[in-house]
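Colleague: I would like to go through this model with you. Let us take each term and ask what stands behind it.

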Amino acid sequence: MDCGQTSPVRSDRKSTNTPEPQTPTKNRRNKSSGYNSPHLRRSLAGITGSPSKEKSCDRFIPTRNGAKWENSFSLTPETKNENGDEGREQHTYRCLLQNELLGADIDDIRLSTEDGSPQRTPHKRRLFHYQSPSREPQDHGYSLSPVSRKSQKLLTSPKKSLRKIPRAPYKVLDAPELQDDFYLNLVDWSYSNVLTVGLSACVYLWSACTSQVTRLCDLSCEGDTVTSVGWSDRSNILAVGTNRGCVQLWDAQAQKRTAIFESHELRAGALAWNGDLLCSGSRDRVIIQRDIRTPPHQFKKLTGHKQEVCGLKWSPDRQHLASGGNDNKLFVWNQSSLCPVQKYSDHVAAVKAIAWSPHQHGLLASGGGTADQYIRFWNTLTGQPLQSVHTGSQVCNLAWSKTTHEFVSTHGYSQHQILVWKYPSLQQVVCLTGHHCRVLYLAMSPDGQSIVTGAGDETLRFWNVFNKSRLQKESRSALNLFSSIR
């Protein structure tokens, strides 16, 4: 019996005994519609009441709360691991939905992207090439599995290995008298796997192969201290900047000084090699560029900064030099100019952290000090800013990975942390902590897998942050003539 309607038997009995009284059309419509029926009032109250109450209805509408696939797979939405990557179960579940609902052909979890779509891998196609028909079994209606053959293969395929970055350093070395000065550069790692560190008036060498420590020089007899160190990228020559403005060259293998240059009036806190060219930046606001094969009095003086020069880096193609100073400016120079060819002034604090991307030509990253706290990216080919990210603390150093599109940044006030980022998404991969003071110094191992950080807590910490595997090779194309030249 439907709600709000009178019985047809009762209506017939009324019509035969007594005539039905004349009522207005409106009242007749209301009575026939049944709005005043007590049973219908309860139904309306159930519809308009609180959503937490169970609704009553004449029709049977099954609830599907217990049929959710997330509950069946024991999944939690938005589940992520500690490195920020998507969980294995969520990724498998997303690929399964792609196969069953959208007809995607994903049969290997390792060959799919993060959004569940199949990874497109270019393959060579030949004209007039005979290919035998596929003998793979086709899906048919007699299969006992509720999912397709592709999904069955997907569920049984090996899972994609997750990247794990250790949160603790694999080695810690004491570095007594390591200066807590933002404008100095006292740590560098050579191509021959030797780490150098400047401690007060001495320079020490630590071999990563043998763990042997050697004192290279002691400047205390000269009344001087070490303010910067930098390895040559072609030999075992080490450049040492001092507080008096001198730049000394030392043969690390012979352990003797080979040259000394006195071109700066104040301390030389930044060094950068480009083959036989050596650049030094000083508190006297000048950058000295010299060829170490020429006499000491032959050099070029680059002027433009208004305060101390604290960051210097050559581009991977060896054509441009980037410099940062305490005047909040970032300049780009070429080998022939005496004035900067590009000027960037978006930072509002000292620019010490500078890094050129080895993967994208002309991409430059820079970081600002305590009052800025931004990492900014620049296209030096066009002179335009690209993007930026606020880190929440002082940016002390930047370094790009040699194998992947990632970079690492070290920070000072007030979090004293080490961050690994993805580019260009600028998503944090991992946050490493352990230092108790500003992480002022950073160097990368020759293989690009490890980094070493130094801080005012007088410790050097070694971290494994990057992968060994190289970037995937570019796909071969018939239009790329250089790939076919032998």
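Modeller: By this rule there is one cavity of 30 Å³ or more. The model is predicted: local features need pLDDT of at least 70, side-chain atom pairs count only at pLDDT 80 or more, and totals for chains, interfaces and linings use all residues. Residues are numbered from 1 along each chain as its sequence is written, and side-chain values use heavy atoms, with hydrogens and water left out.

Colleague: What makes a set of points a cavity?

Modeller: On a 1 Å grid over the protein atoms alone, a 1.4 Å probe fits at those points but cannot get out. Grid points are joined across faces, edges and corners, and the volume is the space filled by probe spheres set on them. For the largest cavity that gives about 30 Å³.

Colleague: Which residues line the largest cavity?

Modeller: Val247, Leu278, Ser280, Ile288 and Arg290. Lining residues have an atom within 4 Å of a point. Strands here are DSSP runs of E, at least two residues long, numbered from the N terminus.

Colleague: How do the lining residues divide by class?

Modeller: Three are nonpolar, one is polar and one is charged.

Colleague: Why is Arg285 called partly exposed?

Modeller: Buried means under 20% relative accessible area, exposed over 50%, and partly exposed in between, with a 1.4 Å probe and protein chains only. Arg285 has 44%, so it is partly exposed. Arg285 sits in the loop between β11 and β12. Its phi is positive, about 75°, although it is not a glycine.

Colleague: What about Ser200, buried or partly exposed?

Modeller: Partly exposed, because its relative accessible area is 23%. Ser200 lies in the loop between β3 (194-199) and β4 (202-207). Its phi is also positive, near 60°.

Colleague: How do you know that β27 and β28 pair?

Modeller: Two strands pair if DSSP finds at least two bridges between them. β27 (residues 450-455) and β28 (residues 459-464) have five, in the antiparallel sense. In one of these, Thr453 has Arg461 of β28 as its bridge partner.

Notes
On a 1 Å grid over the protein atoms alone, a cavity is a set of points where a 1.4 Å probe fits but cannot get out, and a pocket is an open set with protein on both sides within 12 Å along at least five of seven lines; lining residues have an atom within 4 Å of a point. Ala, Val, Leu, Ile, Met, Phe, Trp, Tyr, Cys and Pro count as nonpolar, Asp, Glu, Lys and Arg as charged, and the others, Gly among them, as polar. Helices (H or I, at least four residues) and strands (E, at least two) are DSSP runs, numbered from the N terminus.
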